[in-house]
Every structure is written in C-alpha cells, then in structure tokens.
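Here are some notes to read alongside the model. Keep the sequence and the 3D view open as you go.

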Amino acid sequence: MSRRLTALTSFIVILLSYHAYRFPNRNPISTPSLTPPPNSTATNHIIRFIQYNNAHELRAYLERHVKCSGWKWVERRNPAASFPTDFALVTIEDRRRDFLIGEFGKLELVKDVSLDLSYQRVVLSAHEESGAGAFVDGKKKRPGKIFTSMSFTERENSAPANASWRRSLMMQKSQVTSLFGADALWSKGYTGAKVKMAIFDTGIRANHPHFRNIKERTNWTNEDTLNDNLGHGTFVAGVIAGQDEECLGFAPDTEIYAFRVFTDAQVSYTSWFLDAFNYAIATKMDVLNLSIGGPDYLDLPFVEKVWEITANNIIMVSAIGNDGPLYGTLNNPADQSDVIGVGGIDYSDHIASFSSRGMSTWEIPHGQLADMLMLGRYSLCNRKTEKSHPWKSRLDYPFRLALELSVLYGRVKPDVVAYGREIMGSKISTGCKSLSGTSVASPVVAGIVCLLVSIIPESKRKEILNPGSMKQALVEGASKLSGPNMYEQGAGRVDLLESYQILKSYKPRASIFPSVLDYMDCPYSWPFCRQPLYAGAMPVIFNVTILNGMGVIGYVDGPPMWLPDSEEGNLLSIQFTYSDVIWPWTGYLALHMQIKEEGVHFSGEIEGNVTVNVCSPPGQGDIAPRKSACILRLKLKVVPTPQRSQRVLWDQFHSIKYPPGYIPRDSLDVRNDILDWHGDHLHTNFHIMFNMLRDAGYYVETLGSPFTCFDANRYGTLLLVDLEDEYFAEEIKKLKDDIMINGLGLVVFADWYNVDSMMKMKFFDDNTRSWWTPVTGGANVPALNDLLSPFGIAFGDKILNGDFVINGEQSRYASGTDVVKFPKGGYLHRFPFLDSSESGATQNVLLSGMSKADSPILGLVEVGEEGRIAVYGDSNCLDSSHMVTNCYWLLKKILDFTASNIRDPVLFSDSSRQDKALQLDDNQLPSRRTDVNFSTYSQVVDKELICRSDSRFEVWATKGYDLHVRGRNHRLPGYAAVDLGQGSNSTSEVPFKKIKSVDKDGNSLGNSYLGYLYGDDQLDFPELVASHWLLPAIVAGSGFLVLWSFWRIRQKRRRRRKGSGSFNRSANS
C-alpha cells in the first residue's frame, strides 16, 4: 500500500511540475513575440549629417575616419541617388554596435545615429473599424513606428442608411466632388493643372485608364516593381485626380507622382521614406499626401524630415488616424502643426467612429526626455545639437520639441474633417470601389488642395501659397459642425468654395487657430465650456497654433497682450508661453489663465482679445520685414469660488505614457493594444469621467507639478488614478501633513503590478536589437505603497480578474491588484477573484484548478483630524479606452466620503469594518525592478523638484509652498546611474533583483528579491534570477527526489529478497 501511495505521489508531483513548466501563463497577459534574437548578426543604421553632400563623398568621409571593421556601407539604388543626401545607410555588426555608434557620433559632420526602423501597415477590416487602427494584433505589433491601418474594406454590405445614401448618389451620378462644389471650380477652368502631387503609398499601374497625367512612378522598396498590387495607392490617386465618371477625383489635371514606399506586404523602412522625402524636395513637389500615421511622435529622423518637407514649401496632407472613437489617439505626422491633419465624417456630418480624436499628447509631460530637451542635452545614439544650424532648411528638432513640451497641454487637432466613409475611388486596373477611413478622407482634402493651388497663377504660387497660407484658407473657410467638439472636428468640415474665396484675395499674414475660445459655445469649446473659471484655481491652459503665411520663419515681436473689453476683464490674469521662433510656418501660443483673488465672489462673463504681433523676413520684392497682428478672441465664464468639498485635484504629474518607453496597457484582457499611449489625461481617455464629475457638481482641476505645488486647504480631494511615476520625499511628507492635519481627502485607483508577469511580457525587438520589457506595471505599486505607508495602507502584486456585484451594481475587475495592508477601524471590501499573475497561476495549478479566493480590493478609512482615504485596486472602470463596465457611481460615493464625510451604508456596513489591522511584512510587499533605467522615463528620479507653468503663478519655478531651499534630486535605491548610450527602451542584460527600499528613518519599504534564499536583503552583487522556471524547477526537483528515493527503497528491498533467497537455498541444501 505504501509503495502504491509513494508511486502515486511521485506521479502527481512530476505531472504538476511538467504542467507548471509547460503551461506557466494561464492568465490573460498577451506575449508579443517572445522569441530569441534572430540569427542575423548585423542591422542597418541611419547616420544623419548636418549638411547635404554627394553619397560617395559621405562614404569616403566615413571610411576615412572610421577605419575599424564591423560596419559596411549600404548602396541605395533609387532615384534619389542622383541628388545630394543628408544621411548614410550602414550595416553594423551587433557585437560592435555600441562602439561603432560612439565612433560615428564623434565625427564633426555626423548629427546622430539611429536604427533603420521597419514598420508595417495592416488591413482595416469592417469589424476593426473602431479603435483598431495603430495596433491590431498584440502578438505581432511591437512598440516603435507603427502605422495606422490602410482602409482596405470594400463596403458592399453597408448599413441600411448608408446603403440608401449610396444608391441615391449612384442614381444621380453624383460624386463626393459635387458635395464640395468642385464642379463650380471646374466650370471656371480650374482642374489642378500644373500642380505636382506626390502620393506616398503602394504605387500605381502604368497607363491606368482613370488618369490622364501620371508624370512619374518611383519605387523606394526592395521589390522590383512600380505597380500597385494592393490597390490602396491607386484608390488614393483616384480620389485626388481620377477622371472616371463613376469615381471622379477633385483635380483630374493634377500631375501625379507616385512614390511606392510600401511593399506588397505593406512593409517600409525609415531609410526608404527619407530618400523619398529628399527626392520630393529635390524635384519640387507642390503637395504630398501621406495616408498613414502612428503613435510615435518621437521618431526623430522621420519627424524632423517632415518638418524639412514643409519648410521647403511642400504642403503635406495626412490622415489623423483610425483609432477612434478614443480620445488622445492622434497619429503622427498628422498631429504636427505644420501638417494638415484630416479626420473623417460620414454623410450626415457625424464624426466617423474610426476617426482619431485629440488633443495632441506631445505636450503632456513625460519624464527625462522633456527635461533634457529643455536643457538642449538630448542624445539618441550620440545626437548632436547644432544651435547654429541654418534656419533656411531646418530648425534643430530637440530645440523645437522642447518649446512645445513646455506648454503642458495639447493642441487642437485634427485641423479639418472631410467625408471618409463610402468614398468612391479607382480599382487597380479599371472600375471603381468604395472605401472608408481617414486614409480616404486625407486624399479628399489633398485633392481639394490641388484644386485650390491651381487657382493661383503659376508665376505667383510660391509667393502666395505655402503650408501656412493653405492651412489658413482651409481652417478659416471650414464649416463648423453643430455636434462635435474642437478635438473631434478641428475647424470643421472643409469647404472648398469658402477656401477658394479666401485664397483669391489672400495677402500674406499670420493668424491663430482656433481664433476664438468661447465658454458659451458648447459642445464645440469642450472641455473649457464644461467648467467655468474661478479664483484660486490652477491655471487653465489653452494652447493654440500660430499660422504664419508670411514666411517659413517668423518671430513673435514682443510679448502677447491681453486687452479686456470691460473693467471686469482685469480680474483675469494671463501668463503666456509661446514660440519665440515660428518655424516651419507654425508656432504655438499657450494661455495660462487664472482669476485674481479679488474675483472670489465675481459671477459673470469676461470678454476681450489677446493680440500677438508676428514678423517675418522680407518676401520676394519686399524691402521691409513682413508684419502681422494676430487676434485671439476670448469669451470666458466666471463663477464664485466653489466650496472646498466640491473641488477635486487630478494628479497628472505622476503619469507616464508611451512614447518613449514600453508603458503597458492597464487591462491585460486587451490583446490589440499593448501600450498605454492615450495620454491618461482628464481630456483624453478620462474625458467621460471628467464629464460625469462635472455633472455631479464637482470642479476638477489638473496638477501637472509635484504635490508641493498645490495648497491643500483649497481642495476636498486629491485624485490619483493609474499613476506610474515615483514621488519625491518632500511630496510624501507634505501629503501626510495635508491629510492628517489639513483634512485633505485622498482617493487612489491603482492597477496591476507583478514583476514576474512583466518579465513574461518582454520580447525581442528586431528593430532596436534589444529586449523590450514593460517599464512598470499598469501602475507603480511600490511607489504608491511608499506614498501610503504613513497610513498603514499597501497594495499587493496579484493580478485579479472577475465580475462582482456591489450595491446592486454589476462590475468588472480587469487586471486590478489587491489591498494587503489596511489599518484597524477602516472598512475593507473583499470579493472572490482569480489571480492571473505568473505566481498566482502557478499557485492555482498547485491547488489543482483555477481557484477563486476572497481578495480585498476596496478600502475606506478616516485618519488624523479630518483626513479621509479611499483606495481601489483597478482604474480600468474609469478609463474609456478599454472599459468593460464603469464605476463612476463608486467614484461619486467615494468622493462624497473623502470630501464631505457622507457615508454610503453599503460601503460602510458593519460587516466590512476592520476589527484589527490587515498586516503584511514589508519584505513581502511588491518591490521595484532594478534592471530598468527608470530615470529615463521619470519626472522624479534624478530630477529636481520644481513647480512648472501649470501651477499657480505664485509658485512658478519654485519648490512649492513652504519650501524655500533647493531640494535634492530623488534617486531610487539600487538604481544605476543614467546611461544614455543605450536605447531608451532597452533593458540591461542582467535580470532583475529586488532590493530593500529604506526610508529616511531606516524603515524597510520593500523586500529583497530572493532574500529568503540568501538571508540578506542587501545583495551587493548581480544574481541571475530565472523568474519563470524557478518554482517549476523546485517542484520538478522535489518530484525527482521522491522518485529517486522510491527507486532506492525498491533496490534495497530487492537486495534483501535476493539475500534471503540465497540463505534459504543454502539451508535447504
């Protein structure tokens, strides 16, 4: 019997160990390309130079100065080869990559060295039309330059309303061109003649019957063909310049230059685009359509080349993206101020569901990159910053970006919208088809632009037309739609005939877009019209674009001025941040508005003008510089300062987003969107929550600076949602005092954090030749635990999923965490969930099944004199990006408690009251990873504590309230010094270890990873921690020992039996 039991035990242990090793990921975490590095040992790199030169001279220069082995020159045999270039393409062996990049970066003429990134567009199918644009398959896509989807679906089975509309169009032989009045300009003889239109797409077939003026077809790919084998490039060309009666284009006489920049597999490379852009500049294109985009606005070679394109007087039109209806999903390059970004609408003038929404997220703070750009020290593979670089061709990218990053609030985009659903265009060979998407709306506007260019005599075009003046004509002529807000429609639906009238009498000038901010114009002026101004509030920032039609470069001549219409207008105080230099064609003007303290009881409207004077160098034939006065009209609503309990402060400062790092999604159930890239702002993916809070009577303000930069006596609650950054020691101390002494309420909505699961999500990126690992979890739980430590509260590292009911409300807990420490006397709510973290999945296997255990997820407690705290382990129910069910009702009840001590009977039931504290040893709390250079992404680690331009004016550029000395930089214990030599997304080769975090008093704040094995929390040497196979290996080893012991016992018994048998035989003989 014992032998059978032993055998059965051995079999079970071995089976479990195999199962734990073979199937470790029984959780919803998507694993994008967890494959080992490919066999290739070299990758292509782009070396950019500070000036143009012939390719053979650049090659000789590099070979003369870098004579060591490990790199090879790559010949680029394309039409741009006959023109000077500003970059080289070289192959660098991976083993010598860092050394050679350093050698190239030392050269005087080298600007920077970067990888030749590959990227791919994917088909947008009918069911993916909403919200799948930039990321379609989490297992295939990777962080990097990811382009928005092509609009490839032919709409043959449309919804009844659309089908009816389409049949009506066909019966009347009408086209989208007639909806914009193109036939009126055709009748005047304007058909796009002598306009050079560059179409960057999949190519076009020669002698296509729909086109009368295909001037040139060029191939920039590694495929030996000029033809379009996909149909997208042909369709785009047809919308712009087709002449078939069934699918007419806007400008049939436009000269088509087809740039084939995508292969049949929809793959392209940065170097292909750079060469094609250079060729477009050299051949003096007039208009360029780019029906692509992606979320990475920090792809320096690509973005800077787009600026150079527009600086050379090429009008670029680009699709805003197919990632709607989510906010904060603008695609690059359409989100650039010098590019005409186009959104999509349907024939009922409703914003198309697929059309990406604003605001732009460039300006929302994101860590070290912004700080270093401010100091002019940004380095990507030894980038050089040339502050004396000629203005004529380009402005240094870091300097330009640094200016925009200082605003701290996004711009209005798209610029205009156009019909983008069921648009007719040309097929590959003959005939017509219909497609939908912003990549269809973009050529609609590009065709309109070609038609408008042709109305100006060719001899005067370069004098009048440029990216600045064309955008002025489009946005000033656009028809504002009645339903959507400014971040959905921009200036409105493009109006060809109105823009025609503007250009007919156009004189070079500067202007502001939007030109009016009207708090009474709702919903267009959302979010500003949803919340009036009042004294004592954080500044409200409105960021507008300066459009300069006078020249590629301009200057703000003197500080902007606020000129109120009446005496009440003097209650408004405005600080301005703006572009000293306007280049190319555009700049920014940010208004930081707050009501003076003497207006605390004022109720009414304030109106007036902000004036900005802009000057540019003399134009052709001019003697004096060109000057223009821009006017921004303000119509503001002001109310008396609300009660403290009604005021909520939203923490934006401690949020980190993609780019520049791999910031993972908050809900691991979502497989088609691996990155957190929507801004995490009240006015992007939390905009529905913002509207709900306003409807509930709360006034919500934004804090974009550390906690030392706000006066807690003004606010009822500080709201922390989905935060990834660290905290200054001064912030932790001040928040403790604010809650315990000043009665501030604190609400925290956290998210998952599990180091093993993060490591499981890592993958090898072919582009950067490095492993990509999440910088943190859905939230930075170790940092939150430091913040909550004075109150005896902490989150754990479980990843909990499941449905539950509270207060009669059905809710979904999507990749949330648990509460593991909570003080006595508080109220703690537990629900049964499945732990899908790596360690939790293994534990489930050991416990024979996917077991659910009650986990505490919601806690409410009163601390200090009048302070109140509420914590919840999941923020997905507030985030409109991937929400399953909302928990706005819960947030309102929590705010009622933290701000006004109103206690809901369900949340404060006797059964949930804690008779004793929930405790967990500090060394068992989640700990920080140390294999990631977190300071690269953080605004806290190794940074100086300072109040920025979105804080109250009285603390600008200081340490904050009651801090008059220079604060020290914050450094995480155990973190290595900043090393800018490696890519910002790469991680070190040594796997992580957890270290013991210690506060100022020497108290432990976290555990040491594997400390229980070594008996010492402070390990002073790197360990190779096999986080994924360690536990299964231990189980397997135990099984082997049991089996070995069983075998040994049987062997002994056999020997004894043999010995006994021999003795018996001897006795019988």
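The points below go from the whole protein to single residues.

1. **Ground rules.** This is a predicted model: local features need pLDDT of at least 70, side-chain atom pairs count only at pLDDT 80 or more, and totals for chains, interfaces and linings use all residues. Residues are numbered from 1 along each chain as its sequence is written, and side-chain values use heavy atoms, with hydrogens and water left out.

2. **The whole protein.** The protein has 24 helices and 38 strands. Both are DSSP runs, numbered from the N terminus: helices are H or I with at least four residues, strands are E with at least two. Of the 1069 residues, 62% count as buried. Buried means under 20% relative accessible area, exposed means over 50%, and partly exposed lies in between, with a 1.4 Å probe and protein chains only.

3. **Surface and contacts.** The accessible surface is about 39400 Å², and 51% of that belongs to carbon and sulfur atoms. Such areas come from the Shrake-Rupley method with a 1.4 Å probe; for residues, only the protein chains shown count as cover. Among contacts with a separation of 6 or more, 80% join residues 24 or more positions apart. A contact means heavy atoms within 4.5 Å.

4. **A nine-stranded sheet.** Look for an open sheet of nine strands in the order β27-β26-β28-β29-β38-β37-β36-β33-β34. Its pairing is mixed. Two strands pair if DSSP finds at least two bridges between them.

5. **Parallel and antiparallel.** Strands of a sheet pair through backbone hydrogen bonds, either parallel or antiparallel. This sheet shows both. Strands β36 (residues 827–835) and β37 (residues 852–863) run antiparallel and are joined by eight bridges. There, F833 has A853 in β37 as its bridge partner. Strand β26 (residues 647–651) runs parallel to β28, with three bridges. V648 stands opposite T717 in β28. Five bridges join β28 to β29, again in parallel. The bridge partner of L720 in β29 is V748.

6. **Strand β28, both faces.** In a regular strand the side chains alternate between the two faces of the sheet. On one side of β28 are T717, L719 and V721; on the other are L718 and L720. Which of these are buried? All of them, and both faces are covered.

7. **Helices by the sheet.** Helix α18 (residues 729–740) lies across β28 (717–721), β29 (745–749), β37 and β38. It runs at about 120° to β38. Axes are lines fitted to C-alpha atoms, for helices over the stretch in contact, and angles run from 0 to 180 degrees between N-to-C directions. Helix α17 (residues 687–695) has H687, M689, F690, M692, L693 and R694 buried. These buried residues pack against β26, β27, β28 and α22 (888–900). After α17 comes G697, with a positive phi near 95°.

8. **Aromatic pairs.** A search of the whole structure finds 38 aromatic pairs. Rings of Phe, Tyr and Trp (its six-membered ring) pair if their centres lie within 6.5 Å; planes under 30 degrees apart are stacked, over 60 edge-to-face, the rest tilted. W71 and F104 have ring centres 5.3 Å apart and planes at 85°, so they are edge-to-face. They link strand β2 (residues 71–73) to helix α3 (residues 97–105), 33 residues apart. W71 is buried at 11% relative accessible area, and F104 is buried at 0%. Y813 and Y872 are also edge-to-face, at 5.6 Å and 85°. Both are buried.

9. **Charges over rings.** The charged end of R647 sits over the ring of Y715, 4.6 Å from its centre. K734 does likewise over F710, at 4.0 Å. The test is NZ of Lys or CZ of Arg within 6 Å of the ring centre and within 35 degrees of the ring normal.

10. **One residue to check.** M197 is in strand β6 (residues 196–201). Its relative accessibility is 0%, so M197 counts as buried.
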